[in-house]
Amino acid sequence: RYDQIVIHEGNITASDQRQIIGDLNIDIEFIDITSHFETGKKRTEEAKENPPAICKYYDSNNTEYGYKTMCDFWFRLFCTVIPRRYKSVLRIDDDVILEPNLTDPTPEDSVLFSSAQYQGPDAAEVIHGLEQLSREFAQENNLIWPSDGEWRSPITNVMYIKMTFARSSIVRKFQEYVDKSNCIYSNRWGDLPLWGALLTMLNLPEHTMKLRYSHGSWGGKMLGQE
C-alpha cells in the first residue's frame, strides 16, 4: 500500500538497485544525497576551525560529519528531495528492524507528527546552546518555552510527519534559525532534540504510533509499544 523510497549516500549502485527491486519484487525509488554529505563535511571542517559563539565544537572521533549531515537532513533538508506529491512520510532508518505482523501505524489525518516513543532532549554535550537558541526563538515568535528549560523529544529513527507541516512557514523559520547557528555541524545537535524543541514551542501533543522495533545502533534496544 505504500510507496518505498530509499535515500542513500551514493553507495547503492544502479546494479544494486536493480537487484534489490528484483529480490523484493516491489517498486522502489532511490534518491542519492551525496551532495548533502559533501556539503556537510565542508561545514563540519569550517565549524572546527571557527566554532560559533553559541555552542562548543564536539566530535568524539573526528569522523562525525556523516552523523551531523544525517541530523541536518532529517531536520531540515529532507523536504528538498521528497517528491511534492506525497502528503506524509514515514521514516524508517536502515538499522531499524520492525517486529513482524504489525498493524498499519499511520496516524489519523489530523496528526502532524508522530513517533513510537518520546524521551528527554539528548546528552548534554551534544545539545550545548540549543536551549538558549530555542528560548530566544520562542520569545521572538511569541511561542511557548518551558521556564525550566526542559523539553521532551520524539525518537526520530522512526517518525511520521505530515509534509504540509514540514514545509510550513514557522517550521521553515526555525530550521533557518538553526541552520544560521551552524550548531548541527559544530556541536552535533541531533534531529531528535531539534524536533522536540520545535514541537514543544508549538505545543503539539505527543502523538505515539503503535509500532514496535529494535534499533541496531542502540545495541538492538527495543522501542515503541507492545
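Reply: Cys55 is buried, and Cys183 is buried too; buried means under 20% relative accessible area, exposed over 50%, partly exposed in between (1.4 Å probe, protein chains only). The model is predicted: local features need pLDDT of at least 70, side-chain atom pairs count only at pLDDT 80 or more, and totals for chains, interfaces and linings use all residues. Residues are numbered from 1 along each chain as its sequence is written, and side-chain values use heavy atoms, with hydrogens and water left out.

Now the bond itself. A disulfide is taken as a pair of cysteine sulfur atoms within 2.5 Å. By this rule there is one disulfide. Cys55 and Cys183 form it, with their sulfur atoms 2.1 Å apart. The torsion about their S-S bond is about -105 degrees, so the disulfide is left-handed. Cys55 lies in the loop between α2 (34-49) and α3 (65-77), and Cys183 lies in helix α7 (residues 183-186), so the pair ties together parts that are 128 residues apart in sequence. Helices (H or I, at least four residues) and strands (E, at least two) are DSSP runs, numbered from the N terminus.

Next, Cys71 and Cys79. The closest cysteine sulfur to that of Cys71 is in Cys183, at 13 Å, which is too far for a bond. Cys71 is buried, with a relative accessible area of 0%. For Cys79, the closest cysteine sulfur is in Cys71, 16 Å away, again too far for a bond. Cys79 is buried as well, with a relative accessible area of 10%.
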